[in-house]
Amino acid sequence: MSGLVANESMKIYSRKLTWVLLLLLVAITIGASIMGKINSTNTNAEDWRAETTRLVRQYEERLKITELSPVLRADAENKLKIAKYRLDNNIPAPLSNPWSALLTFSGLVEMVMIFAIVIAADMVAGEYTAGTMKLLLIRPHSRTKILFSKYIAVSLFAFVMLALLVVCGYATNALFYGAGDIHTTDLFLNRQGQIVQQNVLMQVIKMYGLSIFPVMGYVTLAFAVSTILRNSALAVGISLFIMIAGNSMIEATAKMEGLKYLPFANSDISLYIFHLPARPEMTLGFSVSVLLVYIFALTFISWAVFKKRDVSI
C-alpha cells in the first residue's frame, strides 16, 4: 500500500500544475503578509488607550448599521466587548507578532481548499481521460487499494499545502516583526462568551490544525465526484460551486436551524476561534463531527462505485 501511495504522490508532484499551485499559494501568502504589514497600526505604550478608544467608537458606529449581517454584527459586538475590557482593565493589545498575524490568515485556508480541489478532481478522472485506468487495474492490487492510495496521496498533498501556508506566513511575518514570543497572550472570547487571556500560538495551532477537517471535506467531495462522473472539469466545477454557495449557507444557518447539519455551515473553523458560531448551540466538536460523517459517507460512495464499475477500455 505504501508503494502505491508513493507512486500516486510522485504523479502529483511530477505535474507542472502542482508546482504552479504551490508557488501561487506562496505568492498569495507573502502578498497577504505585506498588506497586513502596510495596514497594521502598531501603537506604542503611550497611545494604545487612544487607539483602543478610537476602535470602540468605530465598532459602535458599525453596530448602528441596520443592514449588518448576523455574523458581522456578532463580530463587531465581540470586538467592542474586548476593546472595552482592555480599557477597563488596562490591558493593551500585544505588539505585532507573526503568531497574531497568522490568525488573520484564516481566509487563505480557502485557497488551500480550492487548490486541493483542483488536484483531487483529477486523481481518478484523469486516469480515465488518459486511458491509463486499465493499466492500473491489471496490476496485482485490489481496486480498494488503488482507490485509497489515490485518496491518501491527495490528502497528504492537502496537508502539505496547509503546512506551507503556515510556514510561509510565519516566515514572512517574522521578517517584519521578529520571531515572536511563543508565550504571547491575547484576549479571546470562550464558548460562554467570557473574555479570557489565552496563548496566541495555541490558538494558531488550534485553528490551522482543525482546518484540515473542512479542507478534507472538500477534497473528499471533489474526489468522489471525480470517481463517480469520471470528469475532472465537472468535479472541479461542482466542488467549487458547492464551496462558494456554502459560504452563504453560514449566514442562512443563523435563521434556519436545519442547515446546521450541512457541511457548509461547519466549514469555517476560525468562527470558533473568534466566538462566531453560525448558531449559539453549535460547538467545535459538533462541526468536526458533521464534517467527519460527510467525509466517511462520500468516501464509502466513491469506494462502492469504483469497486463495481466496469472499467473495460
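A crossing of two helices is called left-handed if the near helix is turned anticlockwise from the far one by less than a right angle, and right-handed if it is turned clockwise. In this predicted model, the crossing of helix 9 and helix 11 is right-handed.

Two packed helices are described by the angle between their axes and by the distance between those axes. For helix 9 (residues 143-177) and helix 11 (residues 212-229), the axes cross at roughly 145° and come within 10 Å. On the helix 9 side, the residues in contact are Leu 147, Lys 150, Tyr 151, Val 154, Ser 155, Ala 158, Phe 159 and Leu 162. They meet Ile 212, Val 215, Met 216, Val 219, Thr 220, Phe 223 and Thr 227 of helix 11. Sorted by class, this contact has eleven nonpolar residues, three polar ones and one charged one.

Confidence can be read alongside this packing. The mean pLDDT of the protein chain is 84, with 94% of its residues at 70 or more. Among the elements of the chain, helix 9 has the highest mean pLDDT, 91. The lowest, 67, belongs to helix 8 (residues 133-137).

The next topic is open space. The second largest pocket holds about 470 Å³. It is lined by 22 residues, and those closest to its centre are Arg 191, Tyr 272, His 275, Leu 276 and Pro 277. Two or more lining residues come from each of helix 4, strand 1 (185-189), helix 10 (200-210) and helix 13 (270-273). Helix 4 gives the largest share, three residues. By class, the lining of this pocket has 14 nonpolar, five polar and three charged residues.

The structure holds one cavity of 30 Å³ or more, and the volume of the largest cavity is about 30 Å³. Its lining consists of Ala 265, Asn 266, Asp 268, Leu 271, Tyr 272, Pro 277, Ala 278 and Ser 287. Five of these residues are nonpolar, two are polar and one is charged.

Most residues other than glycine have a negative phi. Phi of Asn 90, however, is positive, near 55°, in a residue that is not glycine.

Conventions
Residues numbered from 1 in each chain as written. Predicted model: local features only at pLDDT ≥ 70, side-chain atom pairs only at ≥ 80, totals over all residues. Heavy atoms only, no water. Axes fitted to C-alpha atoms, helices over the stretch in contact; angles between N-to-C directions. Helix = DSSP H or I, 4+ residues; strand = E, 2+ residues; numbered from the N terminus. Contact = heavy atoms within 4.5 Å. Nonpolar A, V, L, I, M, F, W, Y, C, P; charged D, E, K, R; others polar. 1 Å grid on protein atoms, 1.4 Å probe; cavity = no way out; pocket = protein on both sides within 12 Å on 5 of 7 lines; lining within 4 Å. Points joined across faces, edges and corners; volume = space filled by probe spheres on them. pLDDT = per-residue confidence, 0-100.
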